[in-house]
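Here are my notes on the model, point by point. Have the viewer open while you go through them.

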Amino acid sequence: MRVIRGVAATFGEHHDDVTEIVRQWQPATTVNRLAEWEEATGLPDACFGTGQSLALRRQLLLARLRPVELPYVNSSPAAPGAIEAFSARLGYQAEVRYNTPFRVGRDRVGDRLGRLNGALWVIVTLQTPPFRVGVNRVGDRLRIGTLNGGELACYLQRIVHARFEVNVIFI
């Protein structure tokens with residue numbers, strides 16, 4: 001029985017080693033091979049700067065490898081639903097609007113005015129905690145998070161067709 005227990009322990013260690021090797025070659029769980037995955041997919045992304053955390057690097061890697069579900073079959077990355085999905089993948093809650101012309105008889109009083117000029121307006125709602133005297137200090141960030149907002153505009157401008165101008169508004 002001692003020999004069988006010793007052989008079983010050896011097989012158990014071998015199984016654990018193989019499982020860890022497999023985990024390192026999968027992009028969702030890798031730590032040691034993350035640099036190799038980034039090199040193969042053209043990362044790190046210039047829009048996000050150089051000081052990226054491990055979680056953000058893994059999130060960007062998975063975003064590069066997994067396609068976004070487009071709103072309909074023949075959709076493009078410039079579709080409002082696709083831009084909202086890209087933004088959600090980066091942790092932003094966004095609403096996308098196009099400028100459209102106002103037409104008498106079709107539109108109503110109070111509808112938005114504008115012209116169809118190829119501009120996309122991405123309205124991002126930020127969840128920010130209130131700034132409290134005695135709790136927060138001068139110099140504390142008002143927005144909490146790893147991203148500062150500029151990278152979203154850079155990222156969307158790169159993936160959306162060149163004929164569209166992406167305008168990101170934070171509220």
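**Notes on the model**

1. Accessible areas come from the Shrake-Rupley method with a 1.4 Å probe, and for residues only the protein chains shown count as cover. Across the protein, buried residues make up 26% of the 171 residues.

2. Some ground rules before going further. This is a predicted model, in which local features need pLDDT of at least 70 and side-chain atom pairs count only at pLDDT 80 or more, while totals for chains, interfaces and linings use all residues. Residues are numbered from 1 along each chain as its sequence is written, and side-chain values use heavy atoms, with hydrogens and water left out.

3. Overall layout: the protein has 5 helices and 3 strands. Reading from the N terminus, the elements go α-α-α-α-β-β-α-β. Both kinds are DSSP runs numbered from the N terminus: helices are H or I with at least four residues, strands are E with at least two.

4. A search of the whole structure turns up 2 aromatic pairs. In one of them, the ring centres of Phe-86 and Tyr-155 are 6.4 Å apart and the planes sit at 80 degrees, so the pair is edge-to-face. Phe-86 belongs to helix α4 (residues 80-89) and Tyr-155 to helix α5, so this pair ties together parts that are 69 residues apart in sequence. The rule used: rings of Phe, Tyr and Trp (its six-membered ring) pair if their centres lie within 6.5 Å, with planes under 30 degrees apart counted as stacked, over 60 as edge-to-face and the rest as tilted. Phe-86 is buried as well, at 12%. Phe-48, Phe-86 and Tyr-155 form one aromatic cluster.

5. Which cysteines are joined by a disulfide? Cys-47 and Cys-154 are, with an S to S distance of 1.9 Å. The pair connects distant parts of the chain, 107 residues apart: Cys-47 is in the loop between α2 (34-41) and α3 (54-65), and Cys-154 is in helix α5 (residues 150-159). The count comes to 1 disulfide, taking a disulfide as a pair of cysteine sulfur atoms within 2.5 Å. The link is left-handed, with -65 degrees about the S-S bond. Cys-47 counts as buried at 13% relative accessibility, whereas Cys-154 is partly exposed at 35%.

6. The loop between α2 and α3 also holds Pro-44. The peptide bond from Leu-43 to Pro-44 is cis, with omega near 5 degrees. Most peptide bonds are trans, hence my flagging this one for a look.

7. Now the charges. The structure holds 5 salt bridges, each being a side-chain nitrogen of Lys or Arg within 4 Å of a carboxyl oxygen of Asp or Glu. Asp-45 and Arg-158 meet in one of them (2.8 Å, N to O). That pair links distant parts of the chain, with Asp-45 in the loop between α2 and α3 and Arg-158 in helix α5, 113 residues apart. Asp-45 is buried at 5%, and Arg-158 is partly exposed at 42%.

8. Another salt bridge joins Glu-38 and Arg-57, whose closest N and O atoms are 2.9 Å apart. Glu-38 lies in helix α2 and Arg-57 in helix α3, so the pair ties together parts that are 19 residues apart in sequence. Glu-38 is buried at 6%, while Arg-57 is partly exposed at 24%. Arg-97 and Glu-95 form a salt bridge too, at 3.0 Å between the closest N and O atoms.

9. Last, the surface. Val-3, Val-7 and Phe-11 form a nonpolar patch there, with about 320 Å² of accessible area together. Patches are made of residues with over 30% relative accessible area and no salt bridge; like charges are joined within 9 Å, and nonpolar side chains (Val, Leu, Ile, Met, Phe, Trp, Tyr) within 5 Å. Phe-11 is in helix α1 (residues 2-25) and counts as exposed, at 57% relative accessibility.

How values were computed:
Buried < 20%, exposed > 50% of the residue type's maximum accessible area, 1.4 Å probe, protein only.
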